Amino acid sequence: ENASINLGHKFARAMEKSASPNVVFSGESLSALALEDVHGLKRLLERHFDKLTIVGYVRPPRALMQSAFQQRTKMTCPPIDASRFYKGYRNTFEKFDHAFGKDNCRFWRFHRGDFPNGDVVVHFFASLGIPLPDRLRHANESLSCEAVQILYAHHKLTEQVPPQRGLPLAKKWAAGLLSGIK
């Protein structure tokens, strides 16, 4: 609860400093909120904004699971369990319709071919009628399948080797693998 209160205070201070007519909150973790937390988020946002629009990009289930696995693999060695990477779209999106109203929610298919120059960020701004910032910062770029495999294997290997010896051995092993990938 204290974390929520602190976050609320930080949010309020940030809003007091903002002079922008448009404020964007972005975070995949928002989709993991429980319904009551989504209602709490709405109450918080309504204190600062006249109009709220919720947007989301919906990946096909296979692509969603691949992306979730890749994200977790960037940090650790996740167990290979499909149920951990797919929670169902109804649980993910319906709560926003309930809390904010269907007229205030927009969901688009996540497919690079649907986006200008394959860029989801450009699509996001254009679809909402918000001018593009002078500098776009792209974060969270995808890895190739081969890179994910190597990263997963690296994590697996370093889990089993004592910490003092693990990193040099894993680097040598990964370098050998990478040299063979064309």
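## Ground rules and overall layout

Helices (H or I, at least four residues) and strands (E, at least two) are DSSP runs, numbered from the N terminus. What you have here is a predicted model, where local features need pLDDT of at least 70 and side-chain atom pairs count only at pLDDT 80 or more, while totals for chains, interfaces and linings use all residues. Residues are numbered from 1 along each chain as its sequence is written, and side-chain values use heavy atoms, with hydrogens and water left out.

The protein chain has seven helices and two strands, arranged along the sequence as α-α-β-α-α-β-α-α-α. Of its 182 residues, 24% are buried; buried means under 20% relative accessible area, exposed over 50%, and partly exposed in between (1.4 Å probe, protein chains only). Contact means heavy atoms within 4.5 Å. Among the contacts with a separation of 6 or more, 62% join residues 24 or more positions apart.

## The nonpolar core

A nonpolar core is a set of buried Ala, Val, Leu, Ile, Met, Phe, Trp, Tyr and Cys residues joined through side-chain atoms within 4.5 Å. The largest one here has 12 residues: Phe11, Met15, Val38, Leu44, Leu45, Phe49, Leu52, Ile54, Phe96, Ala99, Phe100 and Cys105. Two or more of its residues come from each of α1 (2-17), α2 (35-46) and α4 (89-100).

Beyond its neighbours within four places in sequence, Phe11 touches Phe25, Leu44, Leu45, His48 and Phe49. Asp37 belongs to helix α2 and is partly exposed, at a relative accessible area of 40%. Between Asp37 and Ala99 there are 62 residues in sequence, and their C-alpha atoms are 9.6 Å apart.

## Helix α4 and its two faces

With 12 residues, α4 reaches 17 Å from its first C-alpha to its last, close to the 16 Å expected at 1.5 Å a residue; that expected span is 1.5 Å times one less than the number of residues. Its buried residues are Thr92, Phe93, Lys95, Phe96, Ala99 and Phe100. They lie on the same side of α4 because they cover an arc of only 145° around the axis, where the arc is that of the directions from the helix axis to the C-beta atoms.

This buried set packs against α2, β1 (54-58) and β2 (105-109). On the face turned away from the buried side, α4 carries the exposed residues Arg90, Asn91 and His98. Just after the helix, Gly101 takes a positive phi of about 90°.

## Aromatic pairs

Rings of Phe, Tyr and Trp (its six-membered ring) pair if their centres lie within 6.5 Å; planes under 30 degrees apart count as stacked, over 60 as edge-to-face and the rest as tilted. There are seven aromatic pairs in the structure. Tyr57 and Phe115 form an edge-to-face pair, because their ring centres are 5.7 Å apart and their planes stand at 90°. This pair links distant parts of the chain, with Tyr57 in strand β1 and Phe115 in the loop between β2 and α5 (120-128), 58 residues apart.

Phe115 is buried, at a relative accessible area of 5%. Ring pairs also link Tyr57, Trp108, Phe110 and Phe115 into a cluster. Arg59 lies over the face of Phe110, 4.0 Å from the ring centre; a charge sits over a ring if NZ of Lys or CZ of Arg is within 6 Å of the ring centre and within 35 degrees of the ring normal.

Although not a glycine, Asn117 has a positive phi of about 55°. Asn117 counts as exposed, at 84% relative accessibility.
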